[in-house]
Amino acid sequence: AGVKTLIERNAFSSYLTSFLLPEGRDYDALHDKLKAEGYTIYAGQGNFSGKIFRIAVMGDIRPDEMNKLLQLLKDFFK
């Protein structure tokens with residue numbers, strides 16, 4: 001489905017990264033799937049409501065946790 005970032009990499013925040021939600025994909029379904037696996041994502045606000053999802057990228061994130069998140073995202077967006 002081709003998930004893309006909202007902004008270019010050189011403008012990324014060190015705390016939160018925003019991703020465009022592919023057309024026809026439901027934020028609530030993605031949120032609920034990830035929440036069931038122990039991950040929390042955040043919805044877009046205002047004009048971005050229903051169009052993006054955001055992931056916090058701070059804290060003690062281990063490689064195995066990141067790999068699991070990436071696999072969950074791949075499975076969801078097949």
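**View 1. Arginine R54 in strand β4 of the predicted model.** In this predicted model, R54 belongs to strand β4, which spans residues 52–56. R54 is buried but forms no salt bridge. The R54 side chain instead reaches the backbone oxygen of A43, at 2.8 Å. Setting aside residues up to four places away in sequence, the residues touched by R54 are L16, T17, S18, I41, Y42, A43, G44 and Q45.

**View 2. The open sheet that contains β4.** Four strands make up this open sheet, with antiparallel pairing and the order β1-β2-β4-β3.

**View 3. Pairing of β1 with β2.** Strand β2 covers residues 16–20 and runs antiparallel to β1, to which two bridges join it. K4 has L20 of β2 as its bridge partner.

**View 4. The largest nonpolar core.** This core comprises 14 residues, and those with the most contacts inside it are L30, L34, I41, F53, I55, L73 and F77. Two or more residues each come from α1 (27–36), β4 and α2 (63–76). The greatest contribution is that of α2, which supplies four residues.

**View 5. Surroundings of L73.** L73 is among the core residues with the most contacts inside the core. When neighbours within four places in sequence are left aside, L73 is in contact with L30, L34, F53 and I55.

Key. Residues are numbered from 1 along each chain as its sequence is written. This is a predicted model: local features need pLDDT of at least 70, side-chain atom pairs count only at pLDDT 80 or more; totals for chains, interfaces and linings use all residues. Side-chain values use heavy atoms; hydrogens and water are left out. Buried means under 20% relative accessible area, exposed over 50%, partly exposed in between (1.4 Å probe, protein chains only). Lys and Arg count as positive and Asp and Glu as negative; His and the chain ends are not counted. A salt bridge is a side-chain nitrogen of Lys or Arg within 4 Å of a carboxyl oxygen of Asp or Glu. A polar contact is a pair of N or O atoms within 3.5 Å; within protein, one must be able to donate a hydrogen and the other to accept it, and residues adjacent in sequence count only if both atoms are side-chain atoms. Contact means heavy atoms within 4.5 Å. Two strands pair if DSSP finds at least two bridges between them. A nonpolar core is a set of buried Ala, Val, Leu, Ile, Met, Phe, Trp, Tyr and Cys residues joined through side-chain atoms within 4.5 Å.
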